[in-house]
Amino acid sequence: MGCFEALRLFVCSRYGQGTVPSTLDSFTESISEYKELKIVIRAAEAREEEVDGTAGDRKLFETSQPTPHARALLSPVVDELRDLIENDPLIHQLFSRMFMDIPYHHPFDVDPSGNPQIRHYEALLRHLDDIIVRAPEFNTTVLMGFPINALLAYPMATPSGIVAFMHEKVNKQIRKILNTWAIFLSSPESRYVLNADSDIGWLGAKALALMPDFAVDYVCNPVAPHFGFCSFDDFFTRQLRDGVRPVDCSHDGTVIANACESTPYRLAHGVRAYDQFWMKDQCYSLADMLADDPLSPSFYGGTVYQAYLSCTNYHRWHSPVSGTIRKAYSKPGAYYAQCPNVGFDKSTPNTSQAYLTQVATRAMIFIDADNPNIGLLCFMPVGIAECSSCEIGVSEGQRVEKGDEIGMFHFGGSTYCLIFRPETKVQFRLEAMKAGVDTSVLKINTMLARVD
C-alpha cells in the first residue's frame with residue numbers, strides 16, 4: 001500500500017467517505033488537523049523506507065507491521081479481542097492509532113525487551129497468542145517477567161493507548177486473556193523455564209543471584225527437577241520455610257509489621273479525599289483508591305504508605321497488625337494503564353505506580369487493629385499489568401495475628417499500600433521514610449512503623 005493510499009484510507013475512516021481529494025495538495029488542504037496529518041505522513045513514509053531498505057529492515061517491518069490480509073489463526077480468547085477491536089469503531093480507531101503514533105526513530109524501533117517494536121494490532125494479537133501458551137523466561141531487562149507489558153510499553157503511552165486501556169470492554173477482554181494464561185502458568189507444562197540456564201532459567205546463576213539464600217528461605221527441593229515446584233505459578237507464589245522472616249515485636253501492639261517483601265516507594269500524609277491523581281505528581285485520591293467504599297471517609301486526611309515488589313520477591317501478603325477483618329474484596333480495574341503525564345518510558349509501569357492505585361485491579365482488606373491507637377486500617381494490594389490476580393485469603397470477621405498470611409499476588413511485579421486514618425499517629429522507620437525507586441527491599445514481617 002502506498003503512502004498516498006494509506007492516507008486516503010486514514011481520512012475515510014476518520015472523517016467519513018464524503019469527497020476524498022484526488023491529489024496530495026488538495027488532500028492536505030482538506031484536513032483541518034494539518035499538524036496531525038504531517039505526523040501520519042512521516043510515519044507512513046518511514047514505513048515505506050523500511051520496506052524499500054535492506055533485507056534486515058524489511059524483516060523488521062514485516063515482523064512488526066503485518067499487512068491487513070495477514071490474519072493469523074488465533075486461539076478463541078485472543079480472537080475475541082480481535083473481534084472487539086474490529087467491530088467497535090472507537091476501539092478500532094484507538095488500536096490503530098496507538099501504533100501509528102509511536103515514533104519510528106531510535107530507541108522506539110525496539111521495545112523495552114530489545115525486540116522489534118510492533119506496529120499493528122494484528123502483530124499484537126499474534127504475540128499475545130504465543131505468550132499465553134508459554135512461561136516467561138528470566139531476563140535482566142527493566143520489564144523482567146512482563147512480556148505483554150514489554151509489547152505495550154510504547155503503545156499504551158500514546159493518547160490513543162491511554163484511552164484504549166482504560167476502556168471497560170478492553171479490560172474485560174484482557175482479563176479473559178490473562179485468566180487463560182494463568183491456567184497454563186498453573187500447569188506442569190509451564191515448568192520448563194524453571195531450569196539452571198544461566199541466561200533464561202529462573203533457577204540459573206543470574207536469577208538466583210537476585211534471590212539469595214533461595215533454598216534456605218523457601219520451601220523447595222534443590223535436588224529435584226524444577227526444585228520440586230509443580231508449575232511456574234507454584235514457583236512464583238513459593239512459601240517461606242518455618243522460622244524464616246520472624247515477626248518483629250510480635251506481641252507489641254504499637255508496632256506495625258511490613259506486609260509485603262517490598263521496596264518503599266512513597267509516603268504521603270494528609271491525603272485528600274479527591275485529588276488530581278492523573279497529573280504529573282500523581283497525588284493520591286482516597287475516594288478513588290478505595291472505590292468510594294462506605295469506609296473511605298474514615299481515611300480522608302490520613303496517611304498512605306506505598307511499596308512495590310519485583311518478580312524475584314516473595315509475593316504472599318502478611319497481616320501488618322493483630323486484629324479482625326472488617327471487610328475484604330477485590331475491585332476490577334485497568335490492566336495496562338499508565339499515567340498520562342509519564343510519556344514514553346521503557347520502565348513503565350514503575351513510573352505510574354501512584355496513579356495505578358486509583359485505576360488498576362486491586363484488593364481492599366480493612367482490618368480493625370486490636371490497638372485502638374491504630375484502629376481501622378486498609379491493606380490494599382494492587383495488581384500491575386500481568387500481575388493483576390489478587391487472591392484474598394481472609395474473610396469478614398476472621399481473626400488474624402500480626403504476620404499471618406492474608407493473600408497473595410500471582411505472577412509479575414506488583415505494588416501495595418497501607419492506608420491509615422488521620423487519628424493514627426504513625427512513625428515510620430527511617431528506611432520507609434526514604435521511599436523511592438532506588439531504595440532497598442524491606443523484609444516481610446520486619447518493623448515498618450510504630451504508633452504512639
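**View 1. Cysteines and the disulfide count.** With a disulfide taken as a pair of cysteine sulfur atoms within 2.5 Å, the count comes to zero disulfides. The model is predicted, so that local features need pLDDT of at least 70 and side-chain atom pairs count only at pLDDT 80 or more, while totals for chains, interfaces and linings use all residues. Residues are numbered from 1 along each chain as its sequence is written, and side-chain values use heavy atoms, leaving out hydrogens and water. The cysteine sulfur closest to that of Cys260 belongs to Cys390 and is 9.9 Å away, too far for a bond. Cys260 is buried at 0% relative accessibility, and Cys339 is likewise buried at 0%, where buried means under 20% relative accessible area, exposed over 50% and partly exposed in between (1.4 Å probe, protein chains only).

**View 2. The largest nonpolar core.** A nonpolar core is a set of buried Ala, Val, Leu, Ile, Met, Phe, Trp, Tyr and Cys residues joined through side-chain atoms within 4.5 Å; among the 94 residues of the largest one, Phe95 and Tyr336 touch the most other members. Helix α10 (residues 168–185) gives the most to this core, with seven residues, helices (H or I, at least four residues) and strands (E, at least two) being DSSP runs numbered from the N terminus. A second, separate core has 30 residues, including Trp317 and Phe379.

**View 3. The surroundings of Thr237.** Thr237 lies in the loop between α13 (232–236) and β1 (255–257) and is buried, with a relative accessible area of 5%. Beyond residues up to four places away in sequence, Thr237 touches Arg316, Met408, Phe409 and His410, contact meaning heavy atoms within 4.5 Å.
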